[in-house]
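Take a walk through this protein chain. We start in a loop, move to a helix, then a sheet, and end with the whole chain.

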Amino acid sequence: MGGEFRMSLLQDKIIKALNSDFIGDVYFDSDEIKSMCQECQIFYKSVNQSWSKTYTNSQIELLIVTIVNVARKWGEGDEGRFWVKIFSEVFDDPSISPTRFYNEFEVVLKKYNKTIFISKGGKRMFREIFLLNAFAPAISVEAFIKLLWDLFIDEDVLDFSYQPQNDMYLQIAKMLARKFAGNENTLDDDVSFDGKTYSIRAAMKYACSQCPEQVAKIIDRTIREFDSIYFNGQQAENNYYSDICNSIVTKLFAIEHVNKGRRRSQCKEQVITDLTKIYAGYELNEDNQVCVFIPEIRIFNEDKCEVKVHLYRNSIPIDDFEYNVVGKDIRRKIKKIDISLTSYAEEFEDQIDLRITMEIDGIEVYDSKEKLFRDYVLFKSTREIKSSCKPGQYFLFYPYNLQIIDYTNIRNISGPKGFAVLDALEDDYISYKSKTVFFNTEIHNSRFNLGYNPVPYSTMILNEDEYDIYYKVGNCKMILVEYDTSKLVVIHNEKPTPMNLLIQKVEGNEITIDLSAIQANGIGFHKLVISEITALKKPLHRINYYINPQLHINFDKDYYFDNDVGSLSINYYGEILSATRVDASIDEFKVAVEDALLMVKVSYLHWRIDDGEWLSVCRRKPLWHESIHSGSIIEIDNQSNIDIDITIGGEKLQQSAHDNNKFLLGSMLTQISSNRSFSKVNIQLQISKKNYCLTQIDFDAEMIGEPFIFFDEKILSVDFGNSFIGPNNARFSLEFEDKNVTNTFNCGLVDKLETDDIHDGYYNLRISLISDQIYETNFKILRTYEDYIVGNLDKFYFDGVSIIVKSTKTEKGKIKFDRHVIENIIYVREELYPVYQGVLHIPKRKTMQVEIERKGINSIKIYALSEPITLLNVNTVSKELTNEAQNFKDIISCSSCYFDKEDK
């Protein structure tokens with residue numbers, strides 16, 4: 001009854017695993033796997049005894065999930081060896097043939113939308129399917145993650161950048177498929193990329209070629225883990241695959257000495273991976289020249305190589321340019337194109353009517369048409385500005401025949417004809433044709449309201465103009481002080497209407513106008529300008545807005561920070577455009593909506609100290625107090641509507657007088673630490689009633705977490721960078737004690753030491769901080785360990801002992817052996833389990849060379865080293881292990897023996 005109850009509880013978990021992208025995403029512990037194996041053995045025996053010999057779907061579902069979980073531990077081997085090992089554990093019978101389940105496997109896997117791998121010969125490759133879903137073998141998954149890491153840090157591929165559902169991930173999967181194509185006999189051979197060798201095995205190779213979209217999902221989640229571990233210092237998810245990524249990346253940091261936490265680029269150029277999404281724009285280059293640009297474009301078609309770009313004034317040709325596709329494989333690209341417009345200024349007489357087209361191998365892939373047409377182009381720094389501006393210095397590109405001083409009140413203008421540097425003051429403006437820009441910190445003596453609030457964090461982009469989004473608008477209400485309404489005009493989508501014709505009522509300074517009269521309240525895009533009717537138009541208000549009650553944008557939280565994971569859903573006329581996981585590490589999402597682009601910003605909080613890296617999570621590693629100086633600040637990037645406070649040691653930090661997003665950390669720390677009686681203090685972010693510990697500041701050196709100490713081939717590598725809190729120039733003493741012999745090494749924070757005095761084994765280890773670095777004396781003990789493992793545990797697990805084989809469990813019950821002893825044990829290799837060789841002594845009978853697989857702390861499988869290698873069985877009459885034929889009625893298969901170790 002207990003077993004039935006336990007399995008009923010597991011059933012929902014089994015279905016959840018099957019419905020996941022990868023069955024191995026759902027973790028089952030050892031007790032659960034044991035129960036599942038027992039249940040598989042029960043139904044297998046029951047079906048074999050029935051007349052129909054038919055399995056139910058639920059039985060096969062259980063079997064598939066059990067196989068995947070057992071296969072997590074799989075090392076490497078051929079098809080026959082795989083099933084022998086798996087069915088030894090699942091059914092306690094290695095002789096069962098997997099082919100009897102193949103048809104049932106296919107039915108259930110297809111039911112849950114899992115791809116069935118097919119070899120070139122038409123064979124169904126279930127081993128590879130299960131290994132992929134189990135993220136196994138470990139050597140293959142580790143190699144795959146290392147390859148993706150190399151692509152992540154490659155400036156010509158991903159360049160430390162993660163974007164959800166990036167088209168690049170699918171292209172990487174397809175590139176790998178091309179690399180893996182060829183002889184199926186080599187599917188379990190290593191592969192080489194860019195001079196590096198990766199041990200990627202058949203399961204992942206089949207996946208790349210037969211379900212690249214699924215591999216793209218693995219790549220997406222892997223790059224997301226890299227991004228979170230690298231920039232935030234912690235894994236993004238709490239699941240099995242995330243644990244694997246974190247373990248491997250942490251090892252890479254230590255071995256390759258990668259500097260974690262490189263600052264994010266504040267302005268990263270887009271890389272185009274879809275030729276239908278090419279666009280062009282204006283920018284200033286480093287020489288302050290106006291350029292038209294096309295972003296970098298990835299070209300995944302190996303045949304494409306010649307690129308031509310044509311410039312037009314409207315439809316009149318101006319110039320032609322030729323470029324090449326550069327790079328190989330995933331790096332094939334058209335580099336960013338920048339064409340200076342300095343020498344073409346006279347072409348644009350009364351309007352900047354520039355048009356640009358691109359051809360690849362004679363086929364047109366882009367035509368800007370009228371999207372680059374401008375009355376004039378205004379730049380702040382290097383970027384084009386299209387709407388309201390604050391006073392300051394700007395760069396202007398305008399039609400050559402235009403007398404710009406006639407269309408602006410800006411006095412400080414300099415530069416050659418067609419180009420100008422201008423210093424705009426409060427209330428300055430530029431107004432030419434339909435484009436008006438005014439320079440205000442705020443609009444004086446006036447206010448403007450459409451009656452409803454815009455949809456927060458959301459903007460619609462059409463022809464590179466930005467529009468606030470409203471579900472609906474009411475009548476337009478304005479407060480105008482000292483303005484004559486008879487001299488005002490309302491311009492809607494470039495059509496002017498005298499304001500007096502639209503006024504519904506006037507209450508004091510508040511004026512209400514009827515938007516419906518000019519059709520400015522209908523579904524769609526609207527440009528509305530309130531302006532004076534004068535020889536030179538002086539705008540009072542300008543607002544671009546988009547109305548659509550059928551566009552719904554919903555976040556499930558008011559803000560995202562640290563581990564606050566949520567979701568964004570975008571619904572358009574009843575259809576889901578996007579349903580996406582959201583957290584504070586993601587800045588924004590872009591979704592195509594008909595001819596426009598919907599940009600949704602995430603309501604996140606980021607923080608940093610001084611000019612350090614921006615963090616979207618709390619810092620798990622404490623800070624050393626000397627890294628904070630008296631002028632240090634905590635800066636908050638608050639992209640939400642919530643109010644926050646920051647405290648240190650319970651005291652609120654004062655905000656900077658010049659910037660409310662900056663908090664004066666250094667001065668407060670100096671104040672509270674001058675008379676301190678504590679060794680550490682917490683910095684907390686307070687949001688309503690919720691507190692986040694941003695970081696801890698330590699005043700006493702300490703070791704946190706596990707220090708990295710790695711031993712291989714006489715090289716002792718240490719890296720305390722992630723575990724030591726203290727000065728960067730600290731020196732340490734490492735004392736390894738083994739059988740009353742102590743070896744001492746002095747090292748720095750990160751070091752490599754060559755030694756003949758250390759070998760794989762257990763040690764008593766003491767790690768001390770050397771406080772007197774000149775004479776390397778005065779030790780402060782940071783951490784002590786007993787039986788600290790140095791090197792590979794498996795290599796010395798049976799050193800100096802013999803194995804006494806005690807018993808085994810069989811279908812006839814527990815069988816105890818007379819004294820079976822295995823001696824002369826040596827480590828051989830790693831497979832599904834650690835493998836050893838030794839000599840088995842059977843009382844009064846014989847000596848046998850054997851191979852041992854250590855399944856657990858006190859559990860082994862024993863093979864006779866004969867031809868072929870055979871799993872030992874048990875003779876239930878003589879109660880002895882034997883390699884005799886299995887057709888003898890008193891000999892049964894033995895999947896596991898239980899033992900004690902005995903010192904020699």
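Find F160 in the loop between α7 (138–152) and α8 (167–180). Helices here are DSSP runs of H or I with at least four residues, strands are runs of E with at least two, and both are numbered from the N terminus. This is a predicted model, where local features need pLDDT of at least 70, side-chain atom pairs count only at pLDDT 80 or more, and totals for chains, interfaces and linings use all residues. Residues are numbered from 1 along each chain as its sequence is written, and side-chain values use heavy atoms, with hydrogens and water left out.

Is F160 buried or exposed? F160 counts as buried because its relative accessibility is 15%. Buried means under 20% relative accessible area, exposed means over 50%, and partly exposed lies in between (1.4 Å probe, protein chains only). Now look for Y44. It sits 116 residues from F160 along the chain, and the two C-alpha atoms are separated by 50 Å.

Move on to helix α10, residues 212–232. It has 21 residues and reaches 29 Å from its first C-alpha to its last. That is close to the 30 Å expected at 1.5 Å a residue. The expected span is 1.5 Å times one less than the number of residues. How many residues of α10 are buried? The count is 19 of 21, so the helix is mostly covered. Just after α10 comes G233, with a positive phi of about 80°.

Next, the sheet. Strands of a sheet pair through backbone hydrogen bonds, either parallel or antiparallel. Here three strands form an open sheet in the order β29-β30-β31, with antiparallel pairing. The edge strands are β29 (551–555) and β31 (575–582), each pairing on one side only. From one strand to the next, the twist averages 10°. Such angles run from 0 to 180 degrees between N-to-C directions, with axes as lines fitted to C-alpha atoms, for helices over the stretch in contact. Two strands pair if DSSP finds at least two bridges between them. Five bridges join β29 to β30 (residues 566–572).

Finally, step back. The protein chain holds 13 helices and 60 strands. Its C-alpha atoms fill a box of roughly 120 × 75 × 55 Å, taken along the principal axes. Of its 904 residues, 51% are buried.
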